[in-house]
Amino acid sequence: MYKIGIYFLVLILLTGGTAIAQKKKKKRERDIQNVVQTAYSYKGTPYKYGGSSKKGIDCSALVQNSFASAGYKIPRTAQAQSKYGKKVNWSGLKTGDIVFFKFKSKREKWYHSGMITSVSKKGTYFIHASTSKGVVVSNLNSDYYKKNVKTFRRVIK
């Protein structure tokens with residue numbers, strides 16, 4: 001009788017653990033969808049250094065605002081954001097991860113950020129606030145971006 005009681009206790013604990021894990025996974029998926037949808041809502045917004053609204057926005061504000069829509073508070077600048085969250089590599093990229101670039105021009109380094117919107121055999125795409133085109137979706141596998149990637153971070157785990 002004792003063994004049967006322990007068996008049922010273990011079964012209840014395992015089943016409860018599975019239900020909790022499923023709820024957590026669904027919340028994570030909802031949060032990622034919310035963050036990406038928010039970023040897409042800025043598509044076409046002009047670039048404005050220091051801007052953080054649909055009148056004009058920079059790359060780090062786009063990322064910050066998108067995550068804030070799902071309740072995640074992240075740093076304001078791309079450089080500070082590049083140290084936040086869990087580091088990920090190319091092979092582990094998922095939708096919702098943040099990509100950071102480090103560009104150099106005439107003794108000056110500047111950081112740029114964007115958010116991964118899709119990863120497939122067709123390519124890896126990210127949304128970002130381009131200084132020349134405003135908020136757009138670009139292919140991370142293009143030579144220009146690929147050679148300047150600094151790191152990737154995951155905020156929603």
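Which residues form one aromatic cluster?

1. The model is a predicted one, and in it Phe 101, Phe 103, Phe 126, Tyr 144 and Tyr 145 form one aromatic cluster. A search of the whole structure finds eight aromatic pairs, and two of these pairs are taken up in the next points.

2. Phe 101 and Tyr 145 make a tilted pair, with 5.5 Å centre to centre and 55° between the planes. This pair links distant parts of the chain, since Phe 101 belongs to strand 4 (residues 98–105) and Tyr 145 to helix 4 (residues 143–146), 44 residues apart. Phe 101 counts as buried because its relative accessibility is 0%, and Tyr 145, at 13% relative accessibility, counts as buried as well.

3. Phe 103 and Tyr 144 form a stacked pair, for which the centre to centre distance is 5.4 Å and the angle between the planes is 25°. Because Phe 103 lies in strand 4 and Tyr 144 in helix 4, the pair ties together parts that are 41 residues apart in sequence. Here Phe 103 is buried, at 6% relative accessibility, whereas Tyr 144, at 45% relative accessibility, counts as partly exposed.

4. Lys 54 lies over the face of Tyr 42, at 5.1 Å from the ring centre, while Lys 146 lies over the face of Trp 90, at 5.8 Å from the ring centre.

Technical notes:
Residues are numbered from 1 along each chain as its sequence is written. This is a predicted model: local features need pLDDT of at least 70, side-chain atom pairs count only at pLDDT 80 or more; totals for chains, interfaces and linings use all residues. Side-chain values use heavy atoms; hydrogens and water are left out. Rings of Phe, Tyr and Trp (its six-membered ring) pair if their centres lie within 6.5 Å; planes under 30 degrees apart count as stacked, over 60 as edge-to-face and the rest as tilted. Helices (H or I, at least four residues) and strands (E, at least two) are DSSP runs, numbered from the N terminus. Buried means under 20% relative accessible area, exposed over 50%, partly exposed in between (1.4 Å probe, protein chains only). A charge sits over a ring if NZ of Lys or CZ of Arg is within 6 Å of the ring centre and within 35 degrees of the ring normal.
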